[in-house]
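Hi everyone, thanks for making time this morning. I'd like to walk you through a few features of the structure on the screen, so please have a look at it while I talk.

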Amino acid sequence: MGCGSCSTGGGCSPAGCKSNGLCLTNGCSKLDVYDWLSHMDMPTNYKPFGIVEVKFKGSRKEFYFNPENIYLEAGELVAVETGTGGYDIGHVSITGELVRLQMVKRRIKEEEVSKKIYRKATVADVEKWKAAKDLEWETMHKARTLALELNLSMKLSDVDYQGDKTKATFYYTAEGRVDFRELIKKMAESFRIRIEMRQIGMRQEASRLGGIGSCGRELCCSTWLTDFKTVSTSAARYQNLSLNTLKLAGQCGKLKCCLNYELDTYMDALKFIPDNVNVLKTEKGEARLQKTDIFKRLMWFSYPREESWIPVPITRVKEIQQMNKEGVVPEDLGVVVEIETKPVKAFDYENVVGQDSLTRLDERRNQKKKNKNRKKGNKPNGGNELPAGQTILTPNGNAQRPIAVNTSTEGQELNSEQANRNRRFRPNRNKNRRPNNNGGNKQDNV
């Protein structure tokens, strides 16, 4: 299944299914697992682990027994058992001891694995599987039309055909419960297959469909994230982020999962920041808190009717806070941290993103012309100037006018070599002649 249109002999195909990202599983990088135990030498009496992890469309992964000990590698297509009869086609994601670690991570015991692997997918199995996958787009749009005709408040987001083309699983999102019994009857009559409806959440829908986030990378839920933890607006408050729902929400409409990535670091840093210090009383006036730099441990205050903000370290803030509790008012904020500011040069902003100038080629060309003229004495026409009214014949027979006219006596005569060359030059008057049958030249009639 590698690419056969190039001359490299399939060397550009990636490892695994070798379909160059077109393996009908929404991309080869979806929830991939690197088998770091594959190149390790095992003991001589080692018995391979009899369970294999198989990956299907979307983010669905399941574990299957390998009763016949079929030699399998990552990326191979296999026919596996299903819970409703028939068989399904999936890709082998990992094998060996790494499967045991994945089962421990997902809290699945070996006794709970009941499905098994039938065989490696044959050519007939793959063709039938691809034909079923080709029907998914058309089937989903027909099902959406049927749901609109029945006025059902649900959104069909994806459909997954079984490998043997006997069953289709429809994934939908809805705010509440939906009575889709009539919809199933119409879809069964239209598609002539068994129908299964499965409700998923907004984040699961984004995980199945995939996309590009505001950071410019693929969505975390569709590439590597497997568990969806609760994200609240307090995570944004702890990180001093503006509570703008348009910026904090992801493509699923929920708060971004990445808000929890650095939350623990911020929580640890906030342990050193004092609480309830919105106002510090001094003899100069009440200093109000404007912002807090959590990691630098600085708090910025400002006095009334003053525009400048004063950075104060948290040790001094705690000291003034304790003095105010005891009824003592200091003269001012005391120790003030000086923020070093480096002067910014004007040319620092010319090339912000590392792009070249649009006129760089013109500048080089002009510089070459200047250097060339400088070598020739800064005189046009190679330093030789012609008197007024004199022309030079070019090799094409055309007359060329002088670039400049010098009225002085210096440089009005051509040098002897160039003058002789101009005298010897004659235009090709036999250019439009052609040989006749007698070997002579015959001029074309115009």
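Lys291 lies over the face of Trp300, 4.9 Å from the ring centre. The rule here is that a charge sits over a ring if NZ of Lys or CZ of Arg is within 6 Å of the ring centre and within 35 degrees of the ring normal. Arg208 does this too: its charged end sits over the ring of Tyr171, 3.8 Å from the centre.

Before I go on, a word on where this comes from. This is a predicted model, in which local features need pLDDT of at least 70 and side-chain atom pairs count only at pLDDT 80 or more, while totals for chains, interfaces and linings use all residues. Residues are numbered from 1 along each chain as its sequence is written, and side-chain values use heavy atoms, with hydrogens and water left out.

Now, rings with rings. Rings of Phe, Tyr and Trp (its six-membered ring) pair if their centres lie within 6.5 Å; planes under 30 degrees apart are stacked, over 60 edge-to-face, and the rest tilted. That gives 5 aromatic pairs. One of them is Tyr172 with Phe180, edge-to-face at 5.7 Å centre to centre and 70° between the planes. Tyr172 is buried, at 4% relative accessibility; buried means under 20% relative accessible area, exposed over 50%, and partly exposed in between (1.4 Å probe, protein chains only).

Trp224 and Tyr261 also pair, with ring centres 6.0 Å apart and planes at 45°, so this pair is tilted. Trp224 is in the loop between helix H6 (220-223) and helix H7 (233-238), and Tyr261 in the loop between helix H8 (245-248) and helix H9 (263-270), so the pair ties together parts 37 residues apart in sequence. Helices (H or I, at least four residues) and strands (E, at least two) are DSSP runs, numbered from the N terminus. Tyr261 is partly exposed, at 38%.

How many disulfides are there? The count is 0, a disulfide being a pair of cysteine sulfur atoms within 2.5 Å. Cys220 is partly exposed at 27%. Cys221 is in no disulfide either, and its nearest cysteine sulfur, in Cys257, is 6.4 Å away. Cys221 is buried, at 11%.

Next, helix H5 (202-209). Leu209 is in H5 and is partly exposed, with a relative accessible area of 48%. Leu209 and Asp158 are 51 residues apart in sequence, yet 7.7 Å apart in space, C-alpha to C-alpha.

Last stop, the backbone. Most residues other than glycine have a negative phi. Asn240, in the loop between H7 and H8, has a positive phi, near 60°. Arg305 has a positive phi near 60° as well, and its place is the loop between strand S11 (298-302) and strand S12 (310-313). Is Arg305 buried or exposed? At 85% relative accessibility, Arg305 counts as exposed.

That's my tour, and I'm happy to go back to any of it on the screen.
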